[in-house]
Amino acid sequence: MHKKKQPLIIIISIKVNLFFSEMTSIRWADLPKELLEMIDKRLNSRVDTLRFRAVCASWRSSVSLPSSDQEIPPLILNLPGPISDAPLFFQTTICRMDSARKDPNSSSSSKSWLVKVGESNYGKLKLFNPLTNQEIKYSPMALNLLEFKFVELSKAFSLKSPHGLSIDGINKVVLFRVSANSSDENDFGILAIFHEVELAYWKYGAESWIILGGDENVQYDDITVCNERVYVVDRCGTVSWISPVLNVTQYYPSLYCFGGLKNLVECCGDLYVVDRYLDGERRRWVGIDGLMDSDDEILPNVGFTPTHAPKAIDFRVYKMDEDWGKWIEVTSLDDKVFVLGMDCSFSVSCKEFNGVKGNCIYYMDGDDYVGSGLSGGSILVFQLEDRSIHKLAVIPEFSEIFWPPSNVSSV
């Protein structure tokens, strides 16, 4: 794993001050190669490197192309049972993609969209829908990196087969470092919810998972990182945090809400629970007890039951009142938008996206959520104002938050 780069603000300012003290004016293209190389070493992503190289010929010649691997190379993980595959560990980045072009229909100086960014060989970007994970292979225009800025909003992690398919039984994964100060780039682990219920930790190179929580009756729904802490929520609405020594400690009073699926969303530094009410029974994984072979591998005929997953009919949103130490129901998200993705849930403000409506939740459910349908038509929108649910395809005014835009003239 790559180490986090440290800011170069002080170092660069010293160098620039020394350099400019000798000259009254200078062109950006004439900055010394030593300074350009120092900046390159502190760029936080390959997207930044590509944008840096796009400035001019001298900058491009001073910095080499990124390697052909991904931003974090997909690691081949020989995971122990009950995961029988040898999956790849991927990281992608949820970004707000800002256009520097003037929108002729708005007083705003730019237009923005949500997109998930990965990278392919030769430093080329791969764009994905942040909700469905579907790769965006069509773009209405060429993406000139000098005309677009990518602002990181969140990271998303996933385990996939060598063929790029989801690993059956894995619900959610997050990166977890037990020792934040370790200098070993392989000193990391994965926290995962699998089989719809179990919470487990796997340290890189270990021969087995560590099952967390200690109560086999607890069924976990979601896991996320908020304010550098890892939180989980179970089916009853109990939110707990996972300490650096892997203790699962109840952090807030239980919600005891009655929806069938819980999601955790960070918004403006606060943690929210989104409770999804379903029209049927949640799918159950069969194969945890007594259906393993002698090598602890999942047998081919096990999986989820029933075959079809239920759909959402309502949502409730809760936020912790820190002063009173209790959960309160949130009836309006104001200008905020919640996005409940397959591998990452996050929030944004509609004020950052010209013409986009707030106070709503974007999500997928039913068979679309488990991977049967991954097109843009499988996205749904829940509006808190009137508690309505519509497919995104029939309310185009809500679709402008995602790239690619339907109205090319506004780009």
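Ser158 counts as buried because its relative accessibility is 13%, where buried means under 20% relative accessible area, exposed over 50% and partly exposed in between, with a 1.4 Å probe and protein chains only. The model is predicted, so local features need pLDDT of at least 70 and side-chain atom pairs count only at pLDDT 80 or more, while totals for chains, interfaces and linings use all residues. Residues are numbered from 1 along each chain as its sequence is written, and side-chain values use heavy atoms, with hydrogens and water left out.

**Ser158 and its surroundings**

- Ser158 belongs to strand β5, which covers residues 148-160; strands (E, at least two residues) and helices (H or I, at least four) are DSSP runs numbered from the N terminus.
- With neighbours within four places in sequence left aside, Ser158 is in contact with Leu88, Phe89, Phe90, Val173 and Asp343, contact meaning heavy atoms within 4.5 Å.

**The chain as a whole**

- The protein chain has five helices and 24 strands.
- Of its 411 residues, 49% are buried.
- Among contacts in the protein chain with a separation of 6 or more, 53% are between residues 24 or more positions apart.

**Nonpolar cores**

- The largest nonpolar core has 23 residues, of which Leu114, Val337, Tyr362 and Ile401 touch the most other members; such a core is a set of buried Ala, Val, Leu, Ile, Met, Phe, Trp, Tyr and Cys residues joined through side-chain atoms within 4.5 Å.
- Two or more residues of this core come from each of β20 (336-340), β21 (345-349) and β22 (360-363).
- Another core, of 16 residues, lies apart from it and includes Phe315, Val330, Ile361 and Leu384.
- Not counting residues up to four places away in sequence, Val337 touches Phe346, Ser347, Val348, Cys350, Lys357, Gly358, Cys360, Tyr362 and Ile401.

**The β20-β21 hairpin**

- β20 and β21 form a hairpin, with four residues between them.
- The two strands run antiparallel and are joined by five bridges; strands pair if DSSP finds at least two bridges between them.
- Leu340 has Ser345 in β21 as its bridge partner.
- All five of the five residues in β21 are buried.
- Cover is found on both faces of β21, with Ser345, Ser347 and Ser349 buried on one side and Phe346 and Val348 buried on the other.

**Two open sheets**

- Strands of a sheet pair through backbone hydrogen bonds, either parallel or antiparallel.
- β6 is joined by six bridges to strand β7 (residues 189-194), and the two run antiparallel.
- Leu175 stands opposite Ile190 in β7.
- Another open sheet has four strands in the order β10-β11-β12-β13, also paired antiparallel.
- Its edge strands, β10 (220-226) and β13 (248-250), each pair on one side only.
- Six bridges link β10 with strand β11 (residues 229-234), and these strands run antiparallel.
- Cys226 stands opposite Arg229 in β11.

**Val248**

- Val248 lies in strand β13 and is partly exposed, with a relative accessible area of 25%.
- Val248 and Val230 are 18 residues apart in sequence, and their C-alpha atoms are 9.8 Å apart.
- Leaving out residues up to four places away in sequence, Val248 touches Leu199, Leu212, Gly213, Tyr220, Val232, Ser240, Trp241 and Ile242.

**Cysteines**

- The whole structure has zero disulfides, a disulfide being a pair of cysteine sulfur atoms within 2.5 Å.
- The closest cysteine sulfur to that of Cys267 is in Cys268, and at 4.0 Å it is too far for a bond.
- Cys267 is buried, with a relative accessible area of 4%.
- For Cys360, the closest cysteine sulfur is in Cys350, 8.1 Å away, which is too far for a bond.
- Cys360 is buried, with a relative accessible area of 0%.
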